[in-house]
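Trainee: I would like to learn how to read strand pairing and a chain interface in a model of this kind. Could we work through them one after the other?

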Amino acid sequence: MATIYIDNEPYTVEPNGRNLLEVCLSLGLDLPYFCWHPALKSVGACRQCAVILFRDENDTRGRLTMACMTAARDGMRLSLTDPRAVAFRASIIEWLMVNHPHDCPVCDEGGECHLQDMTVMTGHVRRDYRFDKRTHRNQNLGPLVNHEMNRCIACYRCVRYYRDYAGGRDLQALGWHDHVYFGRMEDGTLESPFSGNLVEVCPTGVFTDKTLGRHYTRKWDLQTAPSLCVHCGVGCNTMPGERYGLLRRVQNRFHHEINGYFLCDRGRYGYEFVNDAARPRVAADPDTVRGWLSEGRVAGAGSPRASLEANAALRALVGAENFYAGVAPAEHALVALMRALLEVHPTPPPSLREVEEADAVLLLGEDPTHTTPRLALALRQAALRPPMAAAGATLKIPPFDDAALREAVQDATAPFFIATPQATALDGVAMQALRLAPDDVARLGYAIAAGEGEIAAALRNAQRPLVVAGFGSGSPAVAQAAAAAARALGARLCFTLPACNSLGLALFDAPGVADMPRDVKTLILLETDLFRLLPDAEARLRKVKHVVVLDCLATPTVAAAHAVLPTATFAEADGTLVNYEGRAQRHFRVFPATGDVREAWQWLDALRGVTRTFDEVTAALAALPAFAGVEGAAPRAEFRLLGQPVPRQPHRTSGRTAVTANVDVHEPTTPPDPDSPLAFSMEGYQGHPPAPLTPRFWAPGWNSQQALNKFQQEVGGPLVGRPTGVHLLPVNTGAVPAGTPPPPFQPRADAVLFLPAHHIFGSEPLSARAPGIAALTPAPALAVGAALYARLGGGPVEVRVGDAVLTLPLREDPALPVGTAVLPVGLCAEALPAWGTLTGGPRDA
Amino acid sequence: MLSILHTIWNVFTHAFHRRVTVRYPEEKRPLPPRWRGRIVLTRDPDGAERCVACQLCSVVCPVGCIALQTTQDETGRRYPAFFRINFSRCIFCGFCEEACPTCAIQLTPDYEMAEYTRPALVYEKEDLLIDGTGKYHDYNYYRVAGLAIGGKDKGEAEHEQPPVDVRGLLP
Amino acid sequence: MLELLRQALIIIGVLAVPFLIASGLTWGERRLLALFQDRYGPNRVGPGGVLQVAADMFKILMKEDWTPPFADRPVFVLAPAIIIIATLSSFAVLTFAPGIAVADLNIGLLFFLAMSSMAVYSVVLAGWASNNKYALLGSLRAVGQMLSYEVFMGLSLMGVVIQAGSFSLGTITRAQQHLWFCVPQVVGFVVFTIAGLAETRRIPFDLPEAESELVAGYHTEYSGLKFAMFFLGEYVGITLIAALVTALFLGGWWGPVLPPLVWFLLKTLVVIAFFILVRAALPRLRFDQLMEFGWKLMLPLSLLNLLVTGAVVLWQEGLRF
Ligand code: SF4
Ligand code: SF4
Ligand code: SF4
Ligand code: SF4
Ligand code: FES
């Protein structure tokens, strides 16, 4: 505890190596800033956070200093309101604005612009500059991020985030003096899969969301609700925004333990599948479907991309013994294994914050950048932070002095070891990156568990070691080896998971859909695309008399169904999802579904002939032992603040008497929401709601995302109020299932081992339908080693694996282990890795 | 007491004064150009739509009677895809005109817009857009904005230097 | 038989004419106010705008007749009826011209005073039954005001009674054949006119409905037909007071050339016009001013008037015997 005097007022603060800017903001004081970012820390480039610092109480003159570069210490005296500091800050803004264009009306940042906020905060309300402004040409940075360089104030946040934090290489500061240019060497799509965060990192409108720009709506008109990303198993918190029935964008919703300040591009830009014109929207007659239910055996397949409530409603409809998990057999077994391994592990799975704090990492068989991308960004921090912490301690550099610390460590990284078949995006920060076939990766894991080799030695010295594996390798042996290694090292164990509710579905302990009996008369498929899961899907469906599909995507299964009940997407539904840690979190409806579309659990309840509220569905779910306590994920629907619900619309929402006036000149009533404490309205509680219900970050004078500072207990800390989510997974429950190292991998002359390749863009079925993501999805190609590539001459090849036959172009990956090839997932329903054959294509022939 | 009687008398004498009422439909008063009546969307001096669909008018409107959707042409010029004013709600406060950064939305001295049904008071862009510049003759927002649009490249707006050559070595 | 028919005609006339005048006033008052304020007033519907009366009537009858769910329903419905009945029945004791009266009671004036006290009930009950704070405040004010002003209203009339020696309105009017009572009873005339304004809750004594403070006072919650009854009740009240002033002080039907009934009507209308002029000219009093004015000025004045009249009459009687 320390006492700091700000403008002669004593404040008790916890310095903790924080700077004065962080202290001031944590105290709720307004101090303008640009180059400091709570995750990127300080460089002192913009000079906007100037304060007057006094030596002691007798010092009346003080000196001007940058708050973000000064560590907070006990007894410090500073002034934010000293006229000299105020004038200095105003002059800084004035100079920043000299070249700033007259763009606000056509700038997508307008209305949520940190530069606007800071300009107003410093009181610079009139431009006196009468001379010519410098201009820049823009670059086309691909389908996701828009570039408008004129608006740059040269705070350097973008390159610091992109290069230093996210490890991108193609965005840089070019040119010099007031010509400095933030862009690429030439036009082209930004390579980093985390480029979307530039939109939120850049305090101006240089980098904006290109998908939002195509259907632009200002922040003050977006109806938002607390939501979750549904595009992988990490469970990042998001804030999707809607207007006129169209989902307009997704923004990051800070969660201290999970996504922090950043999302990946799949999560940020995958939302457009909600607006897909091809979505099923016409419902079959539910009474007819109800009639089918009594015609004989009924079975249902739940889905890892449907909420717990939807799955529970299906289970209640068909009965527990007829409830199956709509997951491919291999994946089903693997997820069940990983769940079992996590439950017996002595420590719970680490949150992403704990991943970032790890000081040694072993990554087995997994390329998280393409499976659970946000985890990869966290792992990168785990690789870079320990040397910076060490340098800070020896050189006495405060922890917020980012530039100095990075200068001090240069390219040093933590003990970070990767063993995968293919190159990963994290190889650059690894001490060692080994290219091994999955069985060899597993053998390495067991060897480390046995304490053999230098990797084991390096990991054993760590305080907070971490072992990461997952579904990406498709190999149960790797998962078991990872668990063995983690147990031996006393490390945290982290498994990646494919879908937003994979673990949630696994907790139902249902058999996989492949085990479904063949005498089923009526099959109810909940958000399950059988063609993606089972090679014999078509034959199976033909045998079923009535196929009922509930889905929000136009899948081949929907096309083959006898009855389709269109379901709501995550943005139109309430639901609870369980992420890779076993954390159950709630997402809320952003806007009500229109037409025939209903929430899946509502359809299923209707088929069962019951009417329940969402809370009743959750309560019934909580009665199952595996889900005890799940209703604590968010407040119940009756929850009120000062008797009021939480409004989904900002208090400035415009056009309420005109939006529907062309249809009916009488204003519509707001749709009721019996399922949550939120309202589809601008009326309601205007203060800060508890974290699980926070629909947006806004505070008076803080219109940008950076209003987040006002919602945190302290800068960078958790949100105020109760934490979001509850943990469902038990820990340390018993004996370790025995695992033995597989025999070493032997290449075969007559066959090739096809390994699965996931890609951040395209491998996940929901986001694959978003135009921005689809534009970046690489054309399917088979990756082979150098020798094979030379032999096949680069031409298209015919791949036979299981019953599937595919013709694919070739791509060379020289580091691939001999005897393996890498096949993109989703092209066929065969389980990978699998042995198959490869024959030269037409050009070879 | 007397003053009360005086007042009554005074008021009584007004019975023989000239009446000040203007008998409206027969007689019309000339209105100043800044009268706040029917709203129009104007064009810039080059004849192009002035509105850039910034949504400032709609957010400032105290009764929320303006709704629009932003869109842009292939050159990046922004304009409203639709623009709707529900005049049955408008209170003719003029805030929208004050907020408009492009002088696009303007109130005119036309107040004769009574209708027998409310839906007839819902005006779409076709009903609002006029062919002239309205009260402000010279302003062309895109001439001062930094955004490049069709016919105006970077560096061609007022008070702009030509675009920086990032690869240039000259100071 | 003929006598009966005559009586029936008179009764119908006495019921209809005040109503006609009252409804005509809804337009006439606005035209007159406009005249005093250099405006035109309603001049669009029909010649000079007279059909405005019909238009307004039609409009008010078409309006939803809403009884608020929180109101005390029976009382709420009863209240507007009371005011109409009380004021209309006072017309019964008036003699409009020789032989034209419903019932020239020998206690006619007392009957009128009794009925005007009844009208207070209407206002009180309306305010109470509405269950609305503004309505209640309005009716509280009404009680205070009307009870206070009734005291010297009655007293101011005693001079006339003494002079005429009768409570019968016919007798009183007949006593004015040579000299209207407004001359010897000038104080009574002024006091009664003022009290009459207060009784009908007209500006400057419209505190019970002061729309700038109390929305609409005791009839805030009323709409449609029930509101129309209050509205008309007020105008009937004005007509009544004007007719009484005519009968008591302005010589009733006495006048040259024209038939007596026309004279009565004319005088009544002039008094009404004067009431409207007062409305056009004066602002509303404050409640304490109102009370002070009533108790400290009007009451002593009317007592004094009674004393002097009594003394003078006694003196004259003494002279005679
Ligand atoms: S970056 Fe901000 S200040 Fe600059 S034009 Fe855009 S909205 Fe306006
Ligand atoms: S582009 Fe944005 S983040 Fe980058 S330096 Fe310019 S203003 Fe800062
Ligand atoms: S004049 Fe006022 S009420 Fe009418 S549209 Fe403009 S801002 Fe809205
Ligand atoms: S404020 Fe002006 S430019 Fe902006 S949307 Fe309204 S009319 Fe268009
Ligand atoms: S925030 Fe402190 S110098 Fe930029």
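Trainee: In which sense do E13(A) and strand E14 of chain A pair, and over how many bridges?

Mentor: Bear in mind throughout that this is a predicted model. E13(A) and strand E14 (residues 246–252) of chain A pair in the antiparallel sense, over six bridges, and within that pairing Thr238(A) stands opposite Asn252(A). The two strands form a hairpin with two residues between them, and in the turn Tyr244(A) has a positive phi of about 50°.

Trainee: Which other strands of chain A are joined to E13(A)?

Mentor: Strand E11 (residues 223–224) runs antiparallel to E13(A) and is joined to it by two bridges, with Thr224(A) opposite Gly241(A). Strand E12 (residues 227–228) also pairs with E13(A) in the antiparallel sense over two bridges, and there Leu228(A) stands opposite Asn237(A).

Trainee: Why is strand E13 of chain A described as largely enclosed by the rest of the structure?

Mentor: The general idea is to look at burial along the whole strand. Seven of the seven residues of E13(A), residues 237–243, are buried, so the strand is largely enclosed by the rest of the structure. Asn237(A), Met239(A), Gly241(A) and Arg243(A) point one way, whereas Thr238(A), Pro240(A) and Glu242(A) point the other way, and all are buried.

Trainee: Turning to the interface, how much area do chain B and chain A bury between them?

Mentor: The size of an interface is often given as the accessible area lost when the parts come together. Here chain B and chain A bury about 3800 Å² between them, 49% of it on carbon and sulfur atoms, and 48 residues of chain B are in contact with 48 residues of chain A.

Trainee: How many salt bridges and polar contacts are counted between the two chains?

Mentor: The count of salt bridges between chain B and chain A is four; one of them joins the side chains of Glu667(A) and Arg89(B), at 2.4 Å from N to O. Across the interface, 32 residue pairs are in polar contact, with both residues at pLDDT 80 or more. On the side of chain B that touches chain A, E2(B) gives the most, with five residues, and the residues of that side divide into 27 nonpolar, 12 polar and nine charged.

Trainee: Which strands pair between chain A and chain B?

Mentor: Strand E6 (residues 133–135) of chain A and E6(B) pair in the parallel sense over two bridges, with Lys133(A) standing opposite Glu160(B).

Definitions and conventions:
Residues are numbered from 1 along each chain as its sequence is written. Chains are lettered from A and ligands numbered from 1 in the order in which they are written. This is a predicted model: local features need pLDDT of at least 70, side-chain atom pairs count only at pLDDT 80 or more; totals for chains, interfaces and linings use all residues. Side-chain values use heavy atoms; hydrogens and water are left out. Contact means heavy atoms within 4.5 Å. Buried area is the accessible area (1.4 Å probe) that two parts lose on being put together, summed over both. A polar contact is a pair of N or O atoms within 3.5 Å; within protein, one must be able to donate a hydrogen and the other to accept it, and residues adjacent in sequence count only if both atoms are side-chain atoms. Helices (H or I, at least four residues) and strands (E, at least two) are DSSP runs, numbered from the N terminus. Ala, Val, Leu, Ile, Met, Phe, Trp, Tyr, Cys and Pro count as nonpolar, Asp, Glu, Lys and Arg as charged, and the others, Gly among them, as polar. Two strands pair if DSSP finds at least two bridges between them. Buried means under 20% relative accessible area, exposed over 50%, partly exposed in between (1.4 Å probe, protein chains only).
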